[in-house]
Amino acid sequence: MGMRVVILNGSPRRTGNTAALAAEFTRGAEEAGNSVAEFFLDSMDIHGCKGCFGGHSSRECPCVQKDDMDKIYPAVKECDVVVLAGGNGSVGDIKGKPELQKAYELGKSIQ
């Protein structure tokens, strides 16, 4: 059985260079027998981490805030690999930071 891969794509451009690289990565991963789920963070409604430590709970969607992270949590909990994708313009950009903070809390609870 192949690995389960989650791509967190922080680029706002679905047809840009980051999307092209993620598509090639996906093609190669799937050809190798892996499954891939990609989330386009720019089009998702995700709030910043409040530091409440809710991510340490055993619930499927542990955050006290109900936002689109509820779509990401189950995939991240079940995956073997998380790929962070972002273009040059988004490296220092804030987009993706809330998702990473909240995924970090989730990771601490499932280690």
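This is a predicted model: local features need pLDDT of at least 70, side-chain atom pairs count only at pLDDT 80 or more; totals for chains, interfaces and linings use all residues.

The questions below move from the overall fold to one helix and then to the nonpolar cores.

Me: What share of the contacts with a separation of 6 or more comes from residues 24 or more positions apart?

Reply: The chain has 111 residues, of which 40% are buried. Among contacts with a separation of 6 or more, the share from residues 24 or more positions apart is 71%.

Me: Which strands do the buried residues of H1 pack against?

Reply: Asn17, Leu21 and Glu31 are exposed on the other side of H1. The buried residues, Ala22 and Ala29 among them, pack against strands S1 (4-9), S2 (35-40) and S3 (81-85).

Me: Which residue with a positive phi follows H1?

Reply: H1 comprises residues 17-31. After the helix comes a residue whose phi is near 95°, and this residue is Gly33.

Me: Which element gives the most residues to the largest nonpolar core?

Reply: This core has 13 residues, and those touching the most other members include Val6, Phe39 and Ile72. Two elements give two or more residues to the core, S1 and helix H2 (69-78). With five residues, the element that gives the most is H2.

Me: How many residues form the second, separate core?

Reply: Val6, among the residues of the largest core that touch the most other members, is in contact with residues including Ala75, Val76 and Val83. Val83 belongs to the second, separate core, which also includes Ile7, Ala22 and Ala85. The number of residues in that second core is five.

Me: How far is the charged end of Arg14 from the centre of the ring of Phe40?

Reply: A search of the whole structure for aromatic pairs finds zero. The ring of Phe40 does have a charge over it, that of Arg14. The distance from the charged end to the ring centre is 4.0 Å.

Conventions: Residues are numbered from 1 along each chain as its sequence is written. Side-chain values use heavy atoms; hydrogens and water are left out. Helices (H or I, at least four residues) and strands (E, at least two) are DSSP runs, numbered from the N terminus. The expected span of a helix is 1.5 Å times one less than its number of residues. Buried means under 20% relative accessible area, exposed over 50%, partly exposed in between (1.4 Å probe, protein chains only). Contact means heavy atoms within 4.5 Å. Rings of Phe, Tyr and Trp (its six-membered ring) pair if their centres lie within 6.5 Å; planes under 30 degrees apart count as stacked, over 60 as edge-to-face and the rest as tilted. A charge sits over a ring if NZ of Lys or CZ of Arg is within 6 Å of the ring centre and within 35 degrees of the ring normal. A nonpolar core is a set of buried Ala, Val, Leu, Ile, Met, Phe, Trp, Tyr and Cys residues joined through side-chain atoms within 4.5 Å. Lists of a residue's contacts leave out its neighbours within four places in sequence.
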